[in-house]
Amino acid sequence: SAQQYQAPAQLLNDRIILVTGAGDGIGRSAALAYASHGATVILLGKTVEKLEAVYDEIEQAGYPQAAIYPMDLKGAVMSDYEDMQQALAQNFGRLDGLLHNASVLGDRKPIAQSNVDIWQEVMQVNVNAEFMLTKAMLPLLESSASASIIFTSSGVGRQGRAYWGPYAVSKFATEGLMQVLADELANTSNIRVNAINPGATNTNMRRSAYPAEQPTNNPQPAALMPCYLYLMGDDSQAVNGLSIDAQ
Ligand code: NDP
């Protein structure tokens, strides 16, 4: 199963993989896991120092040299994504993997009390940004022999829950985008599209969502990597349109 997957050491040799939110939490762990299996990882995120720390970790481990692409998904507009496509086309010529991982939690309140600005920010970062990034990157993914797009869902992206407002709705939308894209690409191309629900994981986001919880009761991001590697590598080549639990 995806949760028990044992990735061959060379699984991602010579692959070019873009990871959003690569500076922290699950995205950082995925970037390190992909690099350790041979990929050249493009680290996209908001806080440059965090991206630099991951870059250094990759370098010190002797993995293929990474690249840093600082970007605040909250303010980015379509032309920013097009500029990025140009830069990646020039430097790499193609893209073999895209992990949409960056997200914000927003505030958790009843819909009746929801803050409209926060609602829009959550939709911008968690949904609109991944739509625009996907749209911009598709030509580069089409240049790959075998490309994988992975979206990040959540339990509240499959069953609504009180007070999870914009975050839950953004994850339903993410599942929807994944399904639409997977269906469009199903018979026509070399690109597969799936989603991962990480499950409760010990990160900043989880700690801020559940302040009363003992953080170490949840697995570390590294424990999810079998699933992240499975969907990114060619052993999942025939898998398309699924939303998989990492735990
Ligand atoms: P973290 O908050 O630890 O990390 C989120 C990452 O996204 C950070 O690197 C952050 O960058 C980046 N990010 C946030 N906003 C922006 C922005 N505007 N522009 C660019 N980058 C941004 O979260 P997790 O690692 O826990 O979450 C990763 C994914 O997993 C998310 O999609 C989340 O919804 C999902 N998930 C997590 C669960 C959990 O229990 N942890 C459970 C279910 C789903 P920076 O640090 O610079 O702000």
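Which residues in H1 meet Met225, Tyr228, Leu229 and Met232 in H7? They are Ser29, Ala30, Ala33 and Tyr34, where contact requires C-beta atoms, placed from the backbone, within 7 Å.

The model is predicted: local features need pLDDT of at least 70, side-chain atom pairs count only at pLDDT 80 or more, and totals for chains, interfaces and linings use all residues. Residues are numbered from 1 along each chain as its sequence is written.

The protein holds seven helices and seven strands, taken as DSSP runs (H or I, at least four residues; E, at least two) numbered from the N terminus. Their order from the N terminus is β-α-β-α-β-α-β-α-β-α-β-α-α-β. The C-alpha trace spans about 50 × 40 × 35 Å along its principal axes.

Buried residues make up 43% of the 247 residues; burial requires 20 or more other C-beta atoms within 10 Å of the residue's own, with C-beta atoms placed from the backbone. The largest nonpolar core has 64 residues. Such a core joins buried Ala, Val, Leu, Ile, Met, Phe, Trp, Tyr and Cys residues through C-beta atoms within 7 Å. Among the members that touch the most others are Ile17, Tyr34 and Tyr228. Beyond four places in sequence, Ile17 touches residues including Tyr34, Val41, Asp96 and Met232.

The axes of H1 (residues 25-36) and H7 (residues 225-232) come within 10 Å and cross at roughly 60°. Axes are lines fitted to C-alpha atoms over the stretch in contact, and angles run from 0 to 180 degrees between N-to-C directions.

Notes. A residue is buried if 20 or more other C-beta atoms lie within 10 Å of its own, exposed if 12 or fewer, and partly exposed in between; C-beta atoms are placed from the backbone. Two residues are in contact if their C-beta atoms, placed from the backbone, lie within 7 Å.
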